[in-house]
Amino acid sequence: MTIASVIADLKAARDKAKVTWLAACGLEFRCAGKLIEVTPGSDAVQLKVAFVTSDAEFDAKTNSDMDVKVVGQLKLASSKKDNPVRFTATLVAYDPRTNFILHWDKAK
């Protein structure tokens, strides 16, 4: 199971999405993407990241589809928009409505 296959399955038909979610929720994945927005907090940094699988997608994407919470690494607040980003995090939720968004916690 890769994050690319999880995303494809979660966007698929209802039964496939349910089974995939039961299997993937709470697991830790390595991800890469394009940094869209950085929101610093007092003890965490919230990253809005676009999941990409190619250079063409990287260049084209302007909206995030991943919400990543990074605790204890406040230096990330100075990260620049539109830069590549890699992280390891736990998949904790997803929102299939309107704009598909994966929610990550405990990112490193």
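1. Contact here means heavy atoms within 4.5 Å. On that basis Trp104 touches Ile3, Phe29, Cys31, Met66, Asp67, Val68, Lys69, Phe87, Ala89, Thr90, Leu91 and Val92, leaving aside residues up to four places away in sequence.

2. The model is predicted: local features need pLDDT of at least 70, side-chain atom pairs count only at pLDDT 80 or more, and totals for chains, interfaces and linings use all residues. Residues are numbered from 1 along each chain as its sequence is written, and side-chain values use heavy atoms, with hydrogens and water left out.

3. Trp104 is also, with Ile3, Val68 and Leu102, among the residues that touch the most other members of the largest nonpolar core, which has 24 residues. Such a core is a set of buried Ala, Val, Leu, Ile, Met, Phe, Trp, Tyr and Cys residues joined through side-chain atoms within 4.5 Å; buried means under 20% relative accessible area (1.4 Å probe, protein chains only).

4. Leu47 is buried, at a relative accessible area of 4%. Its contacts are Leu35, Glu37, Val38, Met66, Asp67, Val68 and Val70, not counting residues up to four places away in sequence. Leu47 and Ala107 lie 60 residues apart in sequence, with 9.9 Å from C-alpha to C-alpha.

5. In the helix pair, Val6, Asp9 and Leu10 of α1 meet Lys16, Ala17, Thr20, Trp21 and Ala24 of α2.

How values were computed:
Helix = DSSP H or I, 4+ residues; strand = E, 2+ residues; numbered from the N terminus. Buried < 20%, exposed > 50% of the residue type's maximum accessible area, 1.4 Å probe, protein only.
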